[in-house]
Amino acid sequence: MTLPRVPERLRAVGTARDEALRRPVHDARTAAILGIALGACFLICFLTGLYSHLQQHPVDWLPIPPRPASLYRVTQGLHVATGFATVPLLLAKLWSVYPRLFHWPPVTSAAHAAERLMLVPLVCGAVFQLFSGVANVSRWYPWTFFFPAAHYWVAWITIGALVAHIGAKAAVARAALARPGHPVAAAAPGALGRRGFLGAVAVAMGVVTVTTAGQTLPALRPLTLFAQRRPDIGPQGVPVNRSAVQAGVVDAAADPAYRLRVTGAVARPVELTAGDLDRLARREAELPIACVEGWSVSARWRGVPVAELLAAAGVDPHDDVTVRVESLQAGGRYRTSELNHLQARDSDTLLAVALNGERLDLDHGYPCRLIGPNRAGVLQTKWVRDLVVIRA
């Protein structure tokens, strides 16, 4: 049985596709320019995200150093700002290449089939990363999976698909960029030309970046419209992600029987009351709180260096030890964190008792909290109860 109308429909789709591909916003040169920009943004997001993952999941052979003190503030701020800016860029890229989705026949060879198949993890992974990332910093979780783990593994899948796509399209992109572009006049009357289209994309990226980067850059704070957090709003001028009520530590933190304990592989265990910590807290340091959500703020902290507490417990400063910092919280993914030997020795790694000249607020970790240079905010453990020394 013959279907005479099918070829006509296919020819109509092909004609519409060919006409679209002749428009500057859909041609190979525009797609190549957007692809290079998108690849650069994804590489920045991947590398900064990988660094954030290593912060939270350290490996023995690559200890995170405590200096530069603001390194994590810069990398995570860049990660989130670039992620937001990539949203309009990805939409523009998909718009520029969508006519190719209607190519007929769908595949022309085994290599072409593999190339098109690799678009599935690339596009789906890119959309997932950007959607879940924006939702995470907005604290909206319309899913049941653990976001950091999913975000991490999908990042590897996406970057792998991106590398494969670059390998497949490198020659095509080079050829498209080497050819002289169509003049602006090549756009149909009333249609947007390549320069106008790329300019609009650049403006959209700039607007998104400027209106979100204020959560990291104080100079842009007045323009903070789309950022999820104003970093200058909160108790003692510093935001709070998790309050004492949410952590369930109100009674334990205010208990007169509270003791900070230094235990584990020590020559002599140490116990200190909140009053003892106040008397010993003579070290002051200007250090940032840098959240994985992208916001950060510098503050003045006063506390007791962890190195001094270890020395009081008889730990040799040259020993290769790890210090597990435990909170009064009964549970939760981030109730503990670890200091490697480099971080534990740094003179600005403190058990802080004061913030910006005032006794530490309960929501900021009273009676004491960990604050150290170049650490993710989730690792700056609040309501500290124990320092457990572990030898390598």
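The model is predicted, so local features need pLDDT of at least 70 and side-chain atom pairs count only at pLDDT 80 or more, while totals for chains, interfaces and linings use all residues. Residues are numbered from 1 along each chain as its sequence is written, and side-chain values use heavy atoms, with hydrogens and water left out.

**Thr30**
- Thr30 sits in helix α2; helices (H or I, at least four residues) are DSSP runs numbered from the N terminus.
- Thr30 counts as buried because its relative accessibility is 0%; buried means under 20% relative accessible area, with a 1.4 Å probe and protein chains only.
- From Thr30 to Ser109 the separation is 79 residues in sequence and 25 Å in space, C-alpha to C-alpha.

**Helices α2 and α7**
- Helix α2 (residues 28–56) packs on helix α7 (residues 194–210) at an angle of about 20°, and their axes are 10 Å apart.
- α2 is therefore roughly parallel to α7, a label for angles under 35 degrees.
- Axes are lines fitted to C-alpha atoms over the stretch in contact, and angles run from 0 to 180 degrees between N-to-C directions.
- The crossing of α2 with α7 is right-handed, that is, the near helix is turned clockwise from the far one by less than a right angle.
- On α2 the contact uses Arg29, Thr30, Ile33, Leu34 and Cys41, and on α7 it uses Arg194, Phe197, Leu198, Val201 and Met205.
- By class, this contact of α2 with α7 has 7 nonpolar, 1 polar and 2 charged residues; Ala, Val, Leu, Ile, Met, Phe, Trp, Tyr, Cys and Pro count as nonpolar, Asp, Glu, Lys and Arg as charged, and the others, Gly among them, as polar.

**Helices α3 and α5**
- α3 and helix α5 (residues 119–137) pack at about 140°, with axes 10 Å apart.
- Val80, Gly83, Phe84, Thr86, Val87, Leu90 and Leu94 of α3 meet Val123, Ala126, Val127, Leu130, Val134 and Val137 of α5.
- The α3 contact with α5 has 11 nonpolar, 2 polar and no charged residues.

**Aromatic residues**
- The structure holds 10 aromatic pairs, meaning Phe, Tyr or Trp (six-membered) rings with centres within 6.5 Å.
- Tyr51 in helix α2 and Tyr72 in helix α3 (residues 71–97) are 21 residues apart, and both are buried.
- One aromatic cluster is formed by Phe128, Tyr141, Trp143, Phe145 and Phe147.

Definitions and conventions: Helices (H or I, at least four residues) and strands (E, at least two) are DSSP runs, numbered from the N terminus. Angles under 35 degrees count as roughly parallel, over 145 as roughly antiparallel, 65 to 115 as roughly perpendicular and the rest as oblique. Contact means heavy atoms within 4.5 Å. Rings of Phe, Tyr and Trp (its six-membered ring) pair if their centres lie within 6.5 Å; planes under 30 degrees apart count as stacked, over 60 as edge-to-face and the rest as tilted. Buried means under 20% relative accessible area, exposed over 50%, partly exposed in between (1.4 Å probe, protein chains only).
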